[in-house]
Amino acid sequence: MSELVTGEAVALELRPAKLPSRGLAVLLDLAAAVTVYILVTLGLVAATASLDEAARTAVSIATFVLVLVGGPILVETLTHGRSLGKLACGLRVVRDDGGPIRFRHALVRGLLGVIEILMTFGVVACVASLVSARGRRLGDVFAGTLVVRERIPAAGQGAFVPPPPPWLAGRFSGLDLSAVPDGLWLAVRQYLTRMRQLDPQVGWSMAERLASDVAGRTGAPVPPGVPPAMYLAAVLQERQTREAQRTFGGGSPAAPAPTGAGGPVLSPPAVPPAPVPPPVPPVGPASSSEAAGGGASAERPATGFAPPA
């Protein structure tokens with residue numbers, strides 16, 4: 001088991017993949033790449049039959065480089081470290097800090113993989129993985145990456161993310177979460193799954209740092225009186241809710257609240273105004289004619305019609 005050490009010297013565990021599972025994933029990826037290479041080569045042989053020998057050789061070399069070298073690099077970049085073989089074996093390539101890889105990481109791994117895997121039939125990669133404490137080959141060492149297991153048995157309680165309290169549900173629906181990077185979300189999730197195992201003082205300081213980072217990315221400060229761990233849990237639940245809405249078509253996420261100098265402001269719930277009683281006309285002394293006809297007016301309502309004099 002490997003550990004990701006944060007700035008507060010708190011270890012968040014990563015689970016490196018074993019050599020057998022990595023070897024099986026590489027074999028599946030090579031089988032898929034070779035199959036695509038053979039199909040493309042057969043098509044190019046028929047298409048370049050009229051070319052000379054030098055042109056056909058150049059096309060063959062370009063096809064080899066694009067399919068067997070560029071293909072894995074492109075797949076790992078688009079899937080953030082999950083190729084076909086790794087997806088089948090439940091593995092994923094991540095950065096040393098646990099975040100998703102980018103194009104430069106996949107490029108370094110792919111170029112060194114030509115030497116480690118293709119040219120030496122995987123001997124150099126196997127030796128480097130056995131020597132490394134975290135099972136990394138040379139491509140992982142120079143790229144700053146690590147192959148970890150994604151499918152972990154659910155028997156332990158370490159992967160449980162505690163939900164926020166009910167009074168925070170939906171309170172952050174107006175935040176703009178688009179600027180929060182994937183690496184920060186991963187750090188927040190790792191902290192929430194292990195905060196009960198941390199020292200209280202260290203866990204509190206770590207939660208404050210993560211909450212400050214998230215608040216800086218969203219542009220809205222942490223509301224007063226909300227503990228940082230509860231704030232992180234509520235914001236993470238809001239992100240998962242929006243992803244579920246986008247995935248299953250349950251409606252579009254709420255629009256961000258209008259921002260001012262300090263970012264979105266969480267407005268208190270609206271209180272309906274109290275009903276205003278209708279105005280009461282002033283009561284004055286009755287005239288003599290009204291007093292004389294008081295009995296008649298009391299028996300039938302006034303119609304607004306004045307009889308002729």
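The model is predicted, so local features need pLDDT of at least 70 and side-chain atom pairs count only at pLDDT 80 or more, while totals for chains, interfaces and linings use all residues. Residues are numbered from 1 along each chain as its sequence is written, and side-chain values use heavy atoms, with hydrogens and water left out.

**The strand pair**

Helices (H or I, at least four residues) and strands (E, at least two) are DSSP runs, numbered from the N terminus.

Arg 95 stands opposite Thr 145, a residue of β4 (residues 145–149). Thr 145 counts as buried because its relative accessibility is 0%. Its side chain makes a polar contact with the side chain of Arg 109 at 3.5 Å. A polar contact is a pair of N or O atoms within 3.5 Å; within protein, one must be able to donate a hydrogen and the other to accept it, and residues adjacent in sequence count only if both atoms are side-chain atoms.

**Two helices**

The expected span of a helix is 1.5 Å times one less than its number of residues.

| Helix | Residues | Expected span | End C-alpha distance |
|---|---|---|---|
| α1 (19–47) | 29 residues | 42 Å | 41 Å |

The buried residues of α7 include Leu 184, Trp 185 and Val 188. In α1, Arg 22, Ala 25, Asp 29 and Ala 33 are buried.

**The nonpolar cores**

A nonpolar core is a set of buried Ala, Val, Leu, Ile, Met, Phe, Trp, Tyr and Cys residues joined through side-chain atoms within 4.5 Å. The largest core has 26 residues, and Phe 172, Tyr 191 and Val 235 are among those with the most contacts inside it. The elements that give two or more residues to this core are α7, α8 (200–218) and α9 (228–248). α9 gives the most, with 7 residues. A second, separate core of 7 residues includes Ala 17, Leu 91, Ile 101 and Val 147.

How values were computed:
Buried means under 20% relative accessible area, exposed over 50%, partly exposed in between (1.4 Å probe, protein chains only). Two strands pair if DSSP finds at least two bridges between them.
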